[in-house]
Amino acid sequence: MPGETGRAARGAQDPLGLLPLVFSQPRRALAGARALLAARPGPHDESVAHHVIGLYERDFGDLATGLTHLRRARDLARRSGSPAREADVLATLGIALVHSGRSGPGLAALDRSLALTSGPAAARVLFRRAGALWILGRHAEALDDLRRAIPSLRRARDTIWTARALTLRATLLLALGAVERAGQDFAEAELLWEETDQDHDKAVAMENRGRAAFRSGDLPAALRHFEHAAGRYEALGTPAFVMSMERCAVLLAAGLPGEALTEAEAAIQMLQRTGGQPTRRAQLLLVAARCALAAGRADTAAAQAGAAIRLFARQRRDWWEAHARLVLCQARFASGQVSGRLVRDAGALAGRLSELGSPERTQAFLLAGRAALALGRPHDARPYLSRAARGRLAGPAPARIDGWLAQALLAAAEGRRTGVLAACRRGLALLDEHRLTLGASELRARATAQGAALAALGQRAGLETGGSRGLLEWSERWRATVLAVPQARPPADADLLRDLTAFRETTSRAQEARSSGGPIAALERESARLERRIRARTLTVTGGPGAAGHRFDARALLDRLGALDGPDGGRLAELVDVDGDLHVVLCGGGRVRRFRAGRLADAAAETDHLRAGLRRVAYEGSSRWLPLIETAARRLQDALLGPAAAHLGDGPVVIVPPGRLHGVPWAALPALRDRVLAVSPSAGAWLRAATAGPPAPGVRLAPGPVSGSGVVLGPGPASGSGSGSGSASDADADSGVVLARGPGLGTGGAEVPLLAKMYGGATVLENGTATAPALLDALDGCELAHIAAHGTFRADSPMFSSLRMDDGPMVVYDIERLRRAPYRMVLSSCDSGRLEPVGADELLGLAAALLPLGTAGLVAALVPVNDEAVVPLMVALHEALARGRTLAEALADARREGPRDALHLVTGWSFTAIGAA
């Protein structure tokens, strides 16, 4: 069998056997070719050697070098007098020329190769010409060549080339949206690969599994397959530029544009360093432009899309150029460059993408319609939106959600408010279903970003049609929805547990080295590597069956508020952001009212000023910052509550802020300072927590170890304080109370021994026993937990926000492994209550991990706090809990009973009660 079709086992015995080695053992093939050249062979075998080197450089190295070797191989093949040899080289050279941007000469070389062959050899050339046509975006012509090639290859029982042809056909079908047919071809090709020793092609098959999973909407499976394929590519020593493009698309769909952009830019830089294919560079630029656009960097997206357009035009790749022009138009729209020209350009692109059979035509029609609406031209927008709305009927969930957005906008343009609400409900319900396929809470939260436009439309229409109650119900429809359903637990596999343990150890060693002035670079690199591994593994968790959450019941909320202490019960104030304006939806006293407050941007700025003042007092202990705090607090109250501050009644108050305002120190606001005050991610979350009963006294809700570490604490007291507290293994440690203190606190966690005396049978972890595995085992399902430890909030990666324990940081990923979180929890730690807003209006952080697992109430700090000032506050809080108070009531009592100096006042304001227990 001529050319690349020989079996790898022939290797050194037959020079032609080196060709298939390029895609099974690339480095061995390269070494064999160089050894063959060193032996000074005849023209035929020398042509094979240069062919092998050219193939390797074309796909894995420097394309210019590859072209030099392939041209030499072509000339030697002619000298050898072998038409088959010349045809084989010409086909490889033709694809290389197309990759270099010389499409005309490349296709001409493939045509000459086809003229020199017949039978199965011609079928192999047809496959390669189809590959060149795919690169150029000429999908129909490529499919025609494959229709001729595949039957011939099957008849010849040519396993390798049949598998390659099926893989290419599946890739073309995916591009055209025929996901099911593509999956069938991928599956058949993978079975054929198992009959061969083509290791690189097997890695491609694993990559193809990921591509098929992505197109069918299974993001976790796609990431999992890509991870496995990446391991195979790494073992072979070959780059994976195409997979990088596909993985970026998956990360974008998962709501991770920053990571996708980082990966795309790294791939571009590697391609430049290695002198790789210009065709791939153009495609990577297009991917990077999409990522930058999703990350909110419209100018960067426009620049990268423009560079991609120029390359595609030079390479005569109309399909790709049209898609790059779509991204450029989307970037112009995102940066506010809306004009009649943009409407015309987007409309023309929509028509062109329809001609090409691209599924992205829906996005182009939607863009044209939105641009026309932005110009106040609903009549012009309607035909575009009508075409885009057809996308809601078929295809993967993200594309159908765009179709429902178009339907909602069309209804709005036609003045049909009920139609707007119906379309928004359908689109958000579809997104709910899609999110439930994602196991990782981070992906669930970030994936909601696609629903932001639908939610905003629903809020506006709800306000117009249903007034205050309509605005409340639509705000609840898309607020902290991820916290309303139980999360899928991370995989209980040894590798993840090992990585989490190694991460704690490495981070702890880095902290020690930093304190002692030792070298830390290697430790920081290893810590970052482990972070990537942990995150990659957890993102591949698949979601399970379940409902998207309970329907919000405004009447049940009002009834529950009416049962709170106070002359007419309590109040719940939900802050809603409508186009940058804050509205306060005030619930209580049997009714729902709405007040107009300030601008969200102003509130965010004043929040920063107030938090800065609280930090300064915590660090310095000085009262000189109190005037700044008071001024900022008054301005912030005006921006957040406006006239609603005068209608809060005399009972408890629950604040439900939007995601961007969860860092507000609410207790510092004058109208809230002396109240029983709680904060909740949503009204629905507060209602669920308020109606859930506590565990039976002294009974754990979900007993048994969760750490997987086999850690068993030794007998006897765990504390050196003489408090009589016991270890986690004591028989009498069944009160359901867990107390723990980590290392390095200014007071040594001085409240813990005092609390241990208060709770006679509490489990106490301290002085070396407060390790993450031991604490997780103790926390699982307990009634009340108090942790005194240094807290670190990671805005860059909120899932690695942590509490510092004796063996290193206990991160959110650790906490997510609990079967059931403590019913009530007190975190006497800096920044432990901070949450990062992501997606549409979702939250990530320690509290966001605890609430879906069953924590009904949590006390935590929103800013860094003074260790010494925390001790009396925490003791007073627990004394109030012992009197039967809720966490919010206990925290209010502790603030009132504490010293009145600036440091202790600010410390009390820095803590917040989250939830209802």
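Alanine 860 has threonine 912 in E16 as its bridge partner. The structure is a predicted model. This briefing covers two places in it: strand E15, which spans residues 857-861, and alanine 371, which lies in helix H19.

**Burial of strand E15**
- Of the 5 residues of strand E15, 5 are buried, so the strand is largely enclosed by the rest of the structure.
- The burial applies to both faces of E15.
- One side carries Gly857, Val859 and Ala861, and these are buried.

**Strand pairing of E15**
- E15 pairs with strand E12 (residues 824-828) in the parallel sense, over 3 bridges.
- The bridge partners alanine 860 and threonine 912 belong to the E16 side.

**Alanine 371**
- Helix H19, which holds alanine 371, covers residues 361-374.
- Alanine 371 has a relative accessible area of 0%; the cut-off for buried is under 20%, so alanine 371 counts as buried.
- Beyond its neighbours within four places in sequence, alanine 371 is in contact with Phe333, Val338, Leu342 and Val343.
- Arginine 169 is 202 residues apart from alanine 371 along the chain, and their C-alpha atoms are separated by 36 Å.

Methods:
Residues numbered from 1 in each chain as written. Predicted model: local features only at pLDDT ≥ 70, side-chain atom pairs only at ≥ 80, totals over all residues. Heavy atoms only, no water. Buried < 20%, exposed > 50% of the residue type's maximum accessible area, 1.4 Å probe, protein only. Helix = DSSP H or I, 4+ residues; strand = E, 2+ residues; numbered from the N terminus. Pairing = 2+ DSSP bridges. Contact = heavy atoms within 4.5 Å.
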